[in-house]
Amino acid sequence: MKKEYRIKKNEAFQEVFQTGTSFANRQLVLYYKKQETADAHFRIGLSVSKKLGNAVMRNKIKRYLRQAFHELDEQVATGYDFIVIARQPAKDMTFQELKKSLIHVLWKSNLLKQPKRKKRDKQ
């Protein structure tokens, strides 16, 4: 994930928390807020509590979430700031399960565009 696509500063986190909207499932909590520049690429901030495990486990969860956003780059709505908070069940999940959970949260928040389907050749 490029540096300009990340949220690192506490002020930016707090702005999304206080003025943004949230949606959650059992594994993830998603806060999102529309950016002032509508055409800008989305930015993400990740939060994984020490309650979820040691540094290795927390970094693994963050790597999985970054990779999931990278793979969903074309489908995620542009012009938003996202904060993703991992909950306790996230530590026992594989990459595919965590990606599916992220897709669910984004879909329920109407922030996921329809994936482009491949046209089948008629025979």
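**Close-up views of a predicted chain**

**View 1. Strands E1 and E2 form a hairpin.** Three residues lie between E1 and E2 in this hairpin. Strand E1 covers residues 21-24, and its pairing with E2 is antiparallel, over four bridges. Two strands count as paired if DSSP finds at least two bridges between them. Serine 22 has tyrosine 31 of E2 as its bridge partner. This is a predicted model: local features need pLDDT of at least 70, side-chain atom pairs count only at pLDDT 80 or more, and totals for chains, interfaces and linings use all residues. Residues are numbered from 1 along each chain as its sequence is written, and side-chain values use heavy atoms, with hydrogens and water left out.

**View 2. Strand E2 also pairs with strand E4.** E4 spans residues 80-86. E2 and E4 run antiparallel, joined by seven bridges. Lysine 33 has aspartate 81 of E4 as its bridge partner. How much of strand E2 is buried? Five of its seven residues (28-34) are buried, so E2 is largely enclosed by the rest of the structure. Buried means under 20% relative accessible area, exposed over 50%, and partly exposed in between (1.4 Å probe, protein chains only).

**View 3. Valine 48 sits in a loop.** The loop runs between strand E3 (43-47) and helix H2 (55-71). Is valine 48 buried or exposed? Valine 48 has a relative accessible area of 14%, so this residue is buried. Leaving aside neighbours within four places in sequence, valine 48 is in contact with Arg58, Ile61, Lys62 and Ala86. Contact means heavy atoms within 4.5 Å. Glutamate 74 is 26 residues from valine 48 along the chain, and their C-alpha atoms are separated by 25 Å.

**View 4. The chain has three helices and four strands.** Their order along the sequence is α-β-β-β-α-β-α. Helices (H or I, at least four residues) and strands (E, at least two) are DSSP runs, numbered from the N terminus. The C-alpha trace spans about 55 × 35 × 25 Å along its principal axes. Of the 123 residues, 37% count as buried. Among contacts with a separation of 6 or more, 78% come from residues 24 or more positions apart.

**View 5. Charged side chains of the chain.** There are 28 positive and 12 negative side chains. Lys and Arg count as positive and Asp and Glu as negative; His and the chain ends are not counted. The centres of the two sets lie 6 Å apart. Each charge is placed at NZ of Lys, CZ of Arg, CG of Asp or CD of Glu.
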